[in-house]
Amino acid sequence: MTADVEAVFRAEYGRAVSVLVRFLGDIDLAEEAVQDAFMTAVRHWPESGVPPRPAGWIITTARNRAIDRLRRESSRDSRHAEAALLYAAEPPVEEGPVRDDRLRLIFTCCHPALAPHARVALTLRLLGGLSTAQIARAFLVPEPTMAQRLVRAKAKIRDARIPYRVPGDADLPDRLATVLAVVYLIFNEGYTGAPELCSEAVRLGRLLAELMPDEPEVTGLLALMLLTESRRPARQDADGALVPLPEQERTLWDRTLIAEGQSLVRRCLRRGRPGPYQIQAAINAVHSDAPTAHATDWRQILALYDQLTALAPSPVVALNRAVAVAEVEGPRAALDLVDALDLDGYHVFHAVRADLLRRLGRHAEAVQAYEAAIALTGSAAERAVLARRRDELAG
């Protein structure tokens, strides 16, 4: 895929699939048609150039591919084919209506009839354009397992005739937790190398905040993403290498995003209905308040992690809490907590453990832990940081 087509793919894949699902009423057909359109772009755009409105070009081309396929497939149920052709005959709207097509597709994928893990995985596939391998890495499962989940989820939507719409107000809260998880996973995938996905997640977060202004967890997620995104300008050095949070030049942080994120956190606090995303946003707000890493209020962060552990306990939360414990009580106390966790397949677990071992002077063990983290991470930028730290100890 050329660089131009890849950029359009990252920015527009989810919107194109969403529009085609609305017009065709068939997720598989919509996804295949959009993929065909991008393959056509790979062949034609290097010679003809990127069209002035690439999203419209992709949607129109995908629509035409889908119509051609429906006409060829005589084995398809005739009434279904006629209905799909009727919908497809309407000209696709490049800019979605108020009830955004992508938001419709998220809520369709997050229907209660689907298993929770399938809801998140399917939305990442359709909205974010992530590959099956990328989603499998996010869930720490083998790729074939994730491929089966995606096939079953799409079949369930088809067989159960799950409607493609934003549910009524009474049904929204029941689906909210999974919808928020989807948006946050899209953001996290983008944060490791695809800024367009971060922008899409923030956009979806703003849509959700507009749709559900009285839900503090929606506000909390938006605040969390804005505060995290504010650090992007400092996450790479002049050579493009990843810069960890403690080493970042904080004057490069985006103060506009920080101000907006902190304002949203304060709004959440006034509601007095704490939830996991709100607490994570508050933790990031504490980091954004500190002019230097040394000035970070780690005791406040540890107290927030204690609250998060009470509300949403998990091994990953416990791992992040251990990082705060290391700053407040020392690396020995933190290492005891980390070694009790069952996260051997998670690269961050080994990276945190390596750092604690390094601080305790146990360099040979730290080198082994760094090597385990390097072997598990899918990010080249993270591998480079971990390799540099390992080599410093090994040297």
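Visitor: Which residue just after α1 takes a positive phi?

Guide: In this predicted model, that residue is Gly 25, with a phi of about 70 degrees.

Visitor: What makes the reach of α1 close to the expected one?

Guide: Helix α1 covers residues 3–24, which is 22 residues.

Visitor: Where does α1 bend?

Guide: The bend is at Glu 12 and amounts to about 60 degrees.

Visitor: How do α1 and α2 cross, and is the crossing left-handed or right-handed?

Guide: The axes of α1 and α2 (residues 27–48) come within 9 Å and cross at roughly 145 degrees. The crossing is right-handed. Residues of α1 including Phe 9, Tyr 13 and Leu 20 meet residues of α2 including Phe 38, Val 42 and Trp 45. By class, this contact has 17 nonpolar, one polar and one charged residues.

Visitor: Why are α15 and α16 called roughly antiparallel?

Guide: The axes of α15 (residues 315–329) and α16 (residues 331–339) cross at roughly 160 degrees and come within 7 Å. Angles over 145 degrees count as roughly antiparallel, and the two helices are therefore roughly antiparallel to each other. Their crossing is right-handed.

Visitor: Which residues make the contact of α15 with α16?

Guide: Among them are Leu 319, Arg 321, Val 325 and Glu 329 of α15, and Pro 331, Leu 337 and Val 338 of α16. By class, the contact has nine nonpolar, no polar and two charged residues.

Terms used: Residues numbered from 1 in each chain as written. Predicted model: local features only at pLDDT ≥ 70, side-chain atom pairs only at ≥ 80, totals over all residues. Heavy atoms only, no water. Axes fitted to C-alpha atoms, helices over the stretch in contact; angles between N-to-C directions. Helix = DSSP H or I, 4+ residues; strand = E, 2+ residues; numbered from the N terminus. Parallel < 35°, antiparallel > 145°, perpendicular 65-115°, else oblique. Left-handed = near helix turned anticlockwise from the far one by under 90°. Contact = heavy atoms within 4.5 Å. Nonpolar A, V, L, I, M, F, W, Y, C, P; charged D, E, K, R; others polar. Expected span 1.5 Å × (residues − 1). Bend = angle between axes of the 7 residues up to and from the residue.
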